[in-house]
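Please take a guided tour of the structure below. Each stop says what to select and what is there.

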Amino acid sequence: MSEPPAFHIAPPAILRDPAVARVLAALPEARLVGGCVRDALAGRPIADIDLATPRLPEAVIAALRDADIAVVPTGLAHGTVTVVVDGRPIEITTLRRDVATDGRHATVAFTTDWRADAARRDFTINAMSMDAAGNVWDWFGGRDDLARGVVRFVGDPATRIAEDYLRALRFFRFHARYGRAAPDAAALAAIRAAVSGLAILSAERVWSELKRILGAPDPREAVRLMAETGVLAAVLPEATARDRLDALVAAGAPADPLLRLAALCPGADVARLAGRLKLSGAEAASLAALADPAPEGDERVWRAALASRGPEALAAAAWLAEAEGRPGDWDGRRTWIAATPRPVFPLRGADVLAEGVPPGPRVGAILAALERRWTEAGCRDEAETVRRWLREMVVATGA
Ligand code: ATP
Ligand code: MG
């Protein structure tokens with residue numbers, strides 16, 4: 001299957017990467033595929049490195065062993081061999097073609113046909129392959145689409161979406177990152193017609209794509225198109241405030257998917273949303289923290305909030321308040337948060353015991369009362385002052 005390449009480029013930095021070069025020396029027939037070829041052509045930083053090869057997985061493993069490259073036995077069931085060279089993971093997958101699809105997963109067979117492997121990929125910009133010399137195979141016009149900033153399905157959009165409905169969401173992920181021209185009309189029409197099919201996708205896959213869409217530098221246009229096609233209502237009915245997302249991005253808030261999710265879904269039942277999307281425990285906790293609004297009040301109140309919530313959560317609350325249009329000097333608040341050390345309550349249980357209070361629940365109650373007083377006073381007082389309050393309390397109530 002040695003079709004001539006579509007074009008040749010001066011070998012990009014990724015091919016001079018020693019880890020990649022070592023693996024390609026062991027597997028000279030292998031090519032870079034997918035996102036790393038796209039990003040190399042676009043001159044963008046490369047996230048992960050994927051190689052494909054017509055060799056069967058056992059032969060891949062044998063060739064790597066001969067070259068003293070350690071193989072991590074993950075993904076073997078899908079024909080993927082992972083190696084870690086110089087701390088860099090590289091995935092090597094045997095060429096595949098689809099045998100059957102059901103809207104969520106594909107039954108695949110190994111093949112030696114590079115074009116068949118490319119044809120099962122989602123978008124033209126993701127379907128190119130490149131060898132160690134900088135030869136690029138581009139059967140579907142990926143280079144032109146990348147240059148124009150158009151995300152186009154490989155083949156008929158409706159067919160490709162029906163094979164795997166996740167592709168309707170992936171369209172918006174790549175449009176957010178690579179789209180510069182008007183979106184492909186055929187793709188949008190097919191997505192609009194396929195919205196009801198999105199329901200068969202697992203929550204994990206949906207959230208994983210949503211996270212990437214919301215984590216794009218500027219997801220506003222993609223989210224607008226999601227709303228227009230009905231996709232947003234299907235996968236995220238809680239998203240009632242696109243204007244807040246727009247304001248958040250326009251204000252220059254960090255590209256944090258959870259912050260953006262919180263802006264988009266004000267007043268949502270956070271526990272339900274986290275459960276429905278199957279967020280991780282850490283993500284669910286962050287989202288819950290984001291539901292706590294920025295405090296209202298003077299510096300004393302802000303110091304208390306900084307002590308209890310921490311700088312990140314408080315800055316996030318200030319971004320959300322700004323996106324919501326709450327009046328206030330939010331930039332000034334965030335500058336203050338960044339410049340102010342987080343106040344820490346200065347006493348612990350041992351300090352209470354040292355004053356002669358016997359171990360037991362009273363120790364915790366005393367500490368809580370002291371912390372309350374410390375907080376009300378603006379979280380300023382040092383250990384000596386708080387210890388004086390402690391002594392006064394112990395004397396007043398009898399140790
Ligand atoms: P990123 O830099 O965001 O990781 P990527 O292109 O590497 O982008 P992945 O989701 O990691 O995206 O997928 C790797 C490649 O596998 C894609 O470039 C595409 O060729 C193919 N691919 C992944 N998921 C699908 C899918 N659902 N349908 C068709 N092809 C897919
Ligand atoms: Mg990837």
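Does A294 count as buried or exposed, and why? This is a predicted model, and in it A294 counts as buried because its relative accessibility is 5%, where buried means under 20%.

Select A294 first. Its place is in the loop between α16 (281–290) and α17 (299–309). Now show what is around A294: leaving aside neighbours within four places in sequence, it is in contact with W302, R309, A317, A318, A321, R326 and W330. A194 is 100 residues from A294 along the chain, and the C-alpha atoms of the two are separated by 40 Å.

Next, select ligand 1. Around ligand 1 there are 15 residues, and the closest are R38, R167, R170, R173 and R177.

- R121: a polar side-chain atom lies 3.1 Å from an oxygen atom of ligand 1.
- N126: a polar backbone atom is 3.0 Å from an oxygen atom of ligand 1.
- D164: a polar side-chain atom lies 2.9 Å from a nitrogen atom of ligand 1.

On its own, ligand 1 has 590 Å² of accessible area, and the protein covers 80% of that.

The last stop is R31, in strand β2 (residues 31–33). R31 is buried but has no salt bridge. With S129, the side chain of R31 makes a polar contact, side chain to side chain, at 3.3 Å. Not counting residues up to four places away in sequence, R31 touches several residues, among them D50, L51, W114, W137 and W139.

Technical notes. Residues are numbered from 1 along each chain as its sequence is written. Chains are lettered from A and ligands numbered from 1 in the order in which they are written. This is a predicted model: local features need pLDDT of at least 70, side-chain atom pairs count only at pLDDT 80 or more; totals for chains, interfaces and linings use all residues. Side-chain values use heavy atoms; hydrogens and water are left out. Helices (H or I, at least four residues) and strands (E, at least two) are DSSP runs, numbered from the N terminus. Buried means under 20% relative accessible area, exposed over 50%, partly exposed in between (1.4 Å probe, protein chains only). Lys and Arg count as positive and Asp and Glu as negative; His and the chain ends are not counted. A salt bridge is a side-chain nitrogen of Lys or Arg within 4 Å of a carboxyl oxygen of Asp or Glu. A polar contact is a pair of N or O atoms within 3.5 Å; within protein, one must be able to donate a hydrogen and the other to accept it, and residues adjacent in sequence count only if both atoms are side-chain atoms. Contact means heavy atoms within 4.5 Å. A residue is near a molecule or strand if one of its heavy atoms lies within 4 Å of it. Accessible areas come from the Shrake-Rupley method with a 1.4 Å probe; for residues, only the protein chains shown count as cover.
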